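Thanks for coming. Please look at the sequence and the model, and I will go through the sheet, the domains and the chain contact.

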Amino acid sequence: MSALLHAEGIWKAFGDKPVLEGVDLALDTHEVVALIGASGSGKSTLLRCLGLLEPIDDGQIFLGDEDISDPRVNANRVRSRLGMVFQSYNLFPHLSVLDNVTLALRVVRRLPRREADSRGRELLDRVGLADKAREHPDRLSGGQQQRVAIARALATEPELLLFDEITSALDPELVGEVLELVRALAEDGATILMATHEMSFARDVAHRVVFLDAGRIVEQGTPAEVFGAPREARTREFLTRFMA
Amino acid sequence: MTTHQPSALELERRSYRRRRSQRSVLVAIASTLAFAALVWVTVINTEGWAKVQESFFDPAIALKSLPRVWDGFLLNLQVLGLSIVTVAVVALAIALLRTLRGPVFFPLRALATVYTDIFRGLPLIIVLYLVGFGLPTILNTRIPPVLLGTIAFTLTYSAYVAEVIRAGIEAVHPSQRLAARALGLGYVQTLRRVVLPQALRKMTPPLMNDFVSMQKDVGLVSILGAMDAIAMAKSEVSLTYNFTPYVVAGLLFVLLAIPTIRLTDWYAARLREREQTGSVL
């Protein structure tokens, strides 16, 4: 088993409302997987469970060979190997852009300030925001904030990036700059699992598309297979509603 | 399908978590007992402990002084009850004055600002003296100390509480006002239906704090000659030369404060729960 991430039989309920009902999912290194599905289908919850931000009710998650769903593992250590970007950015409003990016480097990786700052500036340069380093997040546009959030997630050189509908809160004209960045990351060989409503982007960039419906994976395959010739009725129904 | 039979692995993980939390409880109990024993042994072996116990914690004297101290305590409660109502009204009025916009209201705004500045800075005891002894002198009548105390507490605490309310109102994001006005709600309607309910949530912890603070400050009415818990305790002390009655009075105030403090914690926890979905790490 060479998968970087391997989840098996993930169950999750909030109260008595089931959200995930036995999800199996595997990602190889350098693979870009798009997670599609209607609102409430469990995409966000699945990402949060995989990122150990939400405890699962059953099943197993392996990162490499390690069972990270075991309560005996140090979840903080695992989380620092993953990079998560949220729909509403979740930047820290009391920190400058640069400090947002370097926080984990300084506090978790214990890098000296000078080193963390130079690494942070490189990352900001990469997302095209080097000139905003000293600004505070609230003064940036949504697209800029989300690019900062991506830089923040990249800071610790995570093995896997989890993107939770990162363009859903953005104005249409700001979506492009964020997706361009994701495309560049994918071309550089990052491993990405992204929940998204951007179907054309998923078709262009993802190696594999996974369709989640009511807490189950109904269908998955290459973008050509899923978008071009969906096998399941529910996938077809979802796609016609979405592409219309 | 809503019921899911957990796998053996999940059951093992649950039992591991259960064992962990049981162990945590046991460790907590053991450490508490050990700590309590340590404190106890240290205290009773401290030189002079016998004397401390005798003059501060004499059970017989405590029991004997309790009825009178309790009677006095009822007077404190009376002052507290009256003050809560008057502070609520006055503080809200002042806070609203401070948030009024427009040049016409400048004098009112300024007056409210000056008021909060002065009464937050002025020591409560000076306000008590000025009101408690000054007011009857000016009016040349006898005024019951309960009333005088209530006036003094209202003057001081309204200033604090008004600031808490104002901060709460201003902490509600301006977009909320915009949304309410866009729906056609007027200034007062917006305030009452949208701004204040949200502000109240933000204000509750600091308000509770002021409330606890006021609960014990009502003990200061004793300096106006009111026969409250502290004055009663003082008179008991002067009879016996034993300080236990003060401890009894103090204990009553602590017991009064504890429910409020717990209530504050509970309320804060409930707000956190309601505003947060999913788990908190």
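Chain A has an open sheet of six strands with mixed pairing, in the order S6-S7-S8-S3-S9-S10. Strands here are DSSP runs of type E with at least two residues, helices are H or I runs of at least four, and both are numbered from the N terminus. Two strands pair if DSSP finds at least two bridges between them. The edges of the sheet are S6 (82-85) and S10 (216-221) of chain A, each pairing on one side only. S9 (residues 208-213) of chain A runs antiparallel to S10(A), joined by five bridges. Leu212(A) is opposite Ile217(A) of S10(A).

A word on the source. This is a predicted model, where local features need pLDDT of at least 70 and side-chain atom pairs count only at 80 or more, while totals for chains, interfaces and linings use all residues. Residues are numbered from 1 along each chain as its sequence is written, with chains lettered from A and ligands numbered from 1 in the order in which they are written.

Now the domains. Chain A is assigned domain 1 (1-81 + 160-244) and domain 2 (88-158), with bounds from an automatic or database assignment. Their contact takes 12 residues from domain 1 of chain A and 13 from domain 2 of chain A, contact meaning C-beta atoms, placed from the backbone, within 7 Å. On the domain 1 side, strand S7 (160-164) and helix H6 (172-187) of chain A each supply at least two residues. H6(A) gives the most, four residues.

Last, the chains: 11 residues of chain A and 12 residues of chain B make the contact.

Terms used: Contact = placed C-beta atoms within 7 Å.
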